[in-house]
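Please examine the sequence and the structure shown here before reading the briefing that follows.

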Amino acid sequence: MAIISRGFGGRRRESVPGLPPGQYLTHDFPVLSAGPTPRIPLDRWSFTVTTESGEKTSWTWPEFTALPYEDFSTDIHCVTKWSKLGTTWRGVSLDTLLADVETAADYTMVHSFGGYTTNVPLEDLLDGKAWIAYKFDGEDLEPEHGGPARMLVPHLYFWKSAKWVNGLQMMQEDEPGFWEAAGYHMYGDPWLEQRYQGD
Amino acid sequence: MARAALPGRLTWRAATLAEARPETPTARTLVFDVPDWPGHLPGQHVDVRLTAPDGYRAQRSYSIASAWPPGGGGPPGGGGKVELTVQRLDDGEVSPYLTDVLEVGDQIELRGPVGGWFVWRETQQNPVLLVGGGSGVVPLMAMVRSRGQSRAKQPFRLIYSVRSQGDLLYREELPRHVRDDPGFDLFLNYTRQAPDGWPSPPKRIDVATINTHGWPPDFTPDVYVCGPTTFVETAADILVALGHDPKRIRTERFGGTS
């Protein structure tokens with residue numbers, strides 16, 4: 001039986017379609033990071049896919065930005081409760097990056113400059129569901145928002161969209177990344193409100 | 001990275017407001033009775049859920065301000081207390097309810113504790129530097145209280161940046177920690193208006209502030225920075241530029257919890 005908060009509800013936000021349970025709408029772009037923002041010079045940037053057998057495929061910044069890109073618009077949902085609707089990005093689809101990668105793995109670990117990691121099942125990265133994004137709102141992605149490039153897996157809570165990405169590792173079994181080891185959910189579906197372990 | 005032990009599901013718990021104290025004209029400390037509270041580490045937060053009479057709900061996250069177990073020689077068995085300090089955001093829907101409407105005896109729902117990264121554990125032996133901006137001092141206060149209560153010996157420094165004296169949270173308690181907790185230093189930085197006779201003019205925190213009032217990087221302090229995004233970005237950049245290991249700098253940003 002829910003506890004009713006006497007006198008609450010008078011200042012509620014407009015109800016918005018597209019908002020998962022427990023979320024509220026923001027028009028800002030809040031930032032959430034575990035540590036300082038790394039500054040990565042483009043000539044030191046690379047992105048490497050490593051398969052379960054150890055085979056590596058890498059792109060430098062010029063190679064990566066020469067790949068076919070997509071401009072797209074999507075909603076993003078942060079586990080800290082804010083959602084931002086209709087954000088516009090440019091990025092390379094994971095379908096493009098993984099087209100020639102041979103793997104039988106079901107899981108991946110996303111790696112970032114600075115040591116951040118997050119786990120995502122491989123199927124959640126494929127079929128037009130995920131990108132490595134490098135432009136936001138028509139501008140180069142700012143470092144505090146994950147620039148030069150960040151993962152974007154918008155159908156999961158936003159911590160899965162790792163900032164400052166530099167690699168993707170295929171895994172046979174699911175393993176927790178950084179926030180997942182600190183008590184957050186292994187999968188993180190905002191529509192099922194999978195915020196924390198056990199949700 | 002070591003795997004954390006799997007905690008059980010975080011369930012919503014009834015929390016009854018036991019006590020409320022104004023901190024500033026726009027911030028209020030709320031002490032909740034949560035009978036089955038499992039305890040927490042300083043730095044962790046809780047999710048708060050409010051339900052309107054017609055079933056409409058809203059959730060927000062708030063840092064815990066209190067240490068665990070609650071100290072100060074309280075009565076045994078009075079252990080289920082969780083203290084939050086809430087800053088009112090005028091256009092918010094949850095914070096004004098918590099600061100202006102909620103009365104002692106009223107109930108809300110709360111779940112947690114949440115977060116296993118921005119925490120200080122007494123087993124950490126390094127000196128500690130806390131850098132807080134505005135209401136970002138709240139989780140740092142939990143660390144200061146926790147250290148004081150357990151009489152821990154790790155040297156602590158708190159750099160606390162606020163607009164003016166009127167915006168200072170824990171205005172009476174912080175000097176008590178300076179007086180009573182050996183090895184705890186406090187530096188107050190005013191950004192808009194300093195009190196009369198304050199030795200330095202108001203300014204935002206800068207390299208000199210952190211260099212003078214923090215620990216040298218050689219001491220390998222564990223650093224905790226919390227505040228609004230621009231404050232955290234500035235402080236963390238300065239710390240890295242001064243030579244602190246980025247891996248020892250933990251940050252928590254307030255995107256504005258309304």
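Which domains does the domain assignment of chain B give? The assignment, automatic or from a database, gives domain 1 (13–114) and domain 2 (128–254). This is a predicted model, in which local features need pLDDT of at least 70 and side-chain atom pairs count only at pLDDT 80 or more, while totals for chains, interfaces and linings use all residues. Residues are numbered from 1 along each chain as its sequence is written, and chains are lettered from A and ligands numbered from 1 in the order in which they are written.

**Domains of chain B**
- The centres of domain 1 and domain 2 of chain B, taken over C-alpha atoms, are 24 Å apart.
- In chain B, 13 residues of domain 1 are in contact (C-beta atoms, placed from the backbone, within 7 Å) with 14 residues of domain 2.
- On the domain 1 side, the elements giving two or more residues are β1 (13–24) and β5 (81–87) of chain B; such strands are DSSP runs of E of at least two residues, and helices are runs of H or I of at least four, numbered from the N terminus.

**Residue T50(A)**
- T50(A) lies in strand β2 (residues 46–50) of chain A.
- T50(A) counts as buried because it has 20 C-beta neighbours inside 10 Å; the cut-offs are 20 or more other C-beta atoms within 10 Å for buried, 12 or fewer for exposed, and in between for partly exposed, with C-beta atoms placed from the backbone.

Methods: Two residues are in contact if their C-beta atoms, placed from the backbone, lie within 7 Å.
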